Amino acid sequence: MVNVVVSACLLGEPCRYDGESKPSEAVRALCEIEGVRLIPICPEVQGGLSTPRPPAEIQSDMPLRVVNVAGQDVTREYEEGASCALEAAGNAGASLAILKAKSPSCGSGMIYDGTFSGSLTEGWGVTAYLLRENGVKVFDENGLTNLLMQVRAANREEWNNKVVELLKSFERPIQSHIEPMETKQDDEDQAKDESRSLEESQETVEYIPAPLPPITAKKALGHFKTITKHKIEVAKLCFKIGLYSQAMRHDLSKYTITEFSMGARFYQGFRSPNAAERECRGFTEAWLHHKGRNKHHFEYWLDLSDDPQGRLKPAPMPTKYVLEMLCDRIAASKTYKGADYTDADPYNYFDQSRGYIIMHPQTKAQIEGLLRCLAEEGESVVIAKAKAMYNDSKRK
């Protein structure tokens, strides 16, 4: 039996700061594997914090200081939660953990930088760091997805067995004696052992791309109708604001072979095919192609940072592209919500992702203000406000 500690939100437990969950298909797949037992944890809740709660970020690691967006110091709660997680891992004999990416508790390798701007920096969450320091191998949900994608098997039983073997390769034997003090050489030897173990485990598996679903005439037609309906809706809103050129050019790349073929393969009708492709392949080829060609996506404006503490740095978006993004978000909500659409839907979607998107503070303030206006005062009011913003930007 392989015991694995896992963030409860990845299993669908609504324990995140916003009261929601972040279910992972890869983690759910582990639930169905014989020989694997999952131990759910939520360090923040176990440390005494409520759900929902104000989002928090690590502002200093020496000494450790965790502060929420309201300015309250919640370091003690995070440390207490980390201790509870370590105790749970020890009681279960777990030497592997799958924890939520970027979280101030569970992030591994990259976390939010403490500015509440959506910017990331290299670092470890409080719980992830404590588990790692005590010999637990830590992955996030994306790392787990990549691991599982490497497993090649002819049938379900063989796949089940190979996954168990792969997870066992990360286990460490329980030490019967612990030295009173670790030296620098001990740390270096331990790092070499971990690296060698990872390399050996990777040699036992072969990366095989996930099989792609077929393109059918029905799915291709459905995808064509969806993206065209969306494009027309965006164009209507852009024309009202005065973004005539952008209205005509919006999302033309979706009709290219690269994007359309993947969109048709993963078409479902009730959500973006990008989400389905990401779940299947671990990445989205269509989105990677799309975001670099369409300036109304904030991801287009991400650049590498000169700061050695961070990898990505957002640039401010020109006003006209912020306004096109507004139109895009309204149209997308209308397209997928249909008769159930309300003016609050675009803001609610933005609010759910605010904790992890990497967007320039100026851009984030602009789009949030517009979406909040839409939710509170309606479409006609926000379009008038957007038109005034666009005219003002042209005069500057």
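Which residues does glycine 35 touch, not counting residues up to four places away in sequence? They are Met1, Val2 and Val164, where contact means heavy atoms within 4.5 Å.

## Basis of the model

This is a predicted model, in which local features need pLDDT of at least 70 and side-chain atom pairs count only at pLDDT 80 or more, while totals for chains, interfaces and linings use all residues. Residues are numbered from 1 along each chain as its sequence is written, and side-chain values use heavy atoms, with hydrogens and water left out.

## Chain overview

The chain has 16 helices and ten strands. Both are DSSP runs numbered from the N terminus, helices being H or I with at least four residues and strands being E with at least two. Of the 396 residues in the chain, 45% are buried. Buried means under 20% relative accessible area, exposed means over 50%, and partly exposed lies in between, with a 1.4 Å probe and protein chains only.

The accessible surface of the chain is about 20800 Å², and carbon and sulfur atoms hold 52% of that surface. Accessible areas come from the Shrake-Rupley method with a 1.4 Å probe, and for residues only the protein chains shown count as cover. Among contacts in the chain with a separation of 6 or more, 64% are between residues 24 or more positions apart.

Glycine 35 sits in the loop between helix 1 (25–31) and strand 2 (36–41). Its relative accessibility is 26%, so glycine 35 counts as partly exposed. Valine 164, one of its contacts, is 129 residues away in sequence, yet the two C-alpha atoms are 6.6 Å apart.

Arginine 28 belongs to helix 1. With 38% relative accessibility, arginine 28 counts as partly exposed.

## Serine 108

Serine 108 is part of strand 6 (residues 108–112). Its relative accessible area is 19%, so serine 108 is buried. Apart from neighbours within four places in sequence, serine 108 is in contact with Gly123, Trp124, Val138, Phe139 and Asp140.

## Aromatic pairs

A pair of aromatic rings is described by the distance of the centres and the angle of the planes. Rings of Phe, Tyr and Trp (its six-membered ring) pair if their centres lie within 6.5 Å; planes under 30 degrees apart count as stacked, over 60 as edge-to-face and the rest as tilted. The count is five aromatic pairs. In one of them, tryptophan 301 and tyrosine 321 have ring centres 6.0 Å apart and planes at 40°, so the pair is tilted. Tryptophan 301 is in the loop between helix 12 (285–291) and strand 9 (302–304), and tyrosine 321 is in helix 13 (residues 319–337), so the pair ties together parts 20 residues apart in sequence. Tryptophan 301 counts as buried at 18% relative accessibility, and tyrosine 321 counts as buried at 10%.

Tyrosine 347 and phenylalanine 350 form a tilted aromatic pair, with 6.4 Å centre to centre and 40° between the planes. The two residues are three residues apart in helix 14 (residues 345–353), so about one helical turn separates them. Ring pairs also link Tyr300, Trp301 and Tyr321 into a cluster.

The buried residues in helix 14 are Asp345, Pro346, Tyr347, Phe350 and Ser353. Their cover includes helix 13 and helix 15.

Glutamate 368 lies in helix 15 (residues 361–377). At a relative accessible area of 16%, glutamate 368 is buried. Not counting residues up to four places away in sequence, glutamate 368 touches Tyr347, Phe350 and Arg354.

Rolling a probe the size of a water molecule over the atoms shows where empty space is left. On a 1 Å grid over the protein atoms alone, a cavity is a set of points where a 1.4 Å probe fits but cannot get out, and lining residues have an atom within 4 Å of a point. Grid points are joined across faces, edges and corners, and a volume is the space filled by probe spheres set on the points. The count is one cavity of 30 Å³ or more, and the largest cavity has a volume of about 30 Å³.

The lining of the largest cavity consists of Phe298, Trp301, Leu302, Pro314, Ala315, Met317, Ile358, Met359, His360 and Thr363. By class, this lining has eight nonpolar, two polar and no charged residues. Ala, Val, Leu, Ile, Met, Phe, Trp, Tyr, Cys and Pro count as nonpolar, Asp, Glu, Lys and Arg as charged, and the others, Gly among them, as polar.

Key:
1 Å grid on protein atoms, 1.4 Å probe; cavity = no way out; pocket = protein on both sides within 12 Å on 5 of 7 lines; lining within 4 Å.
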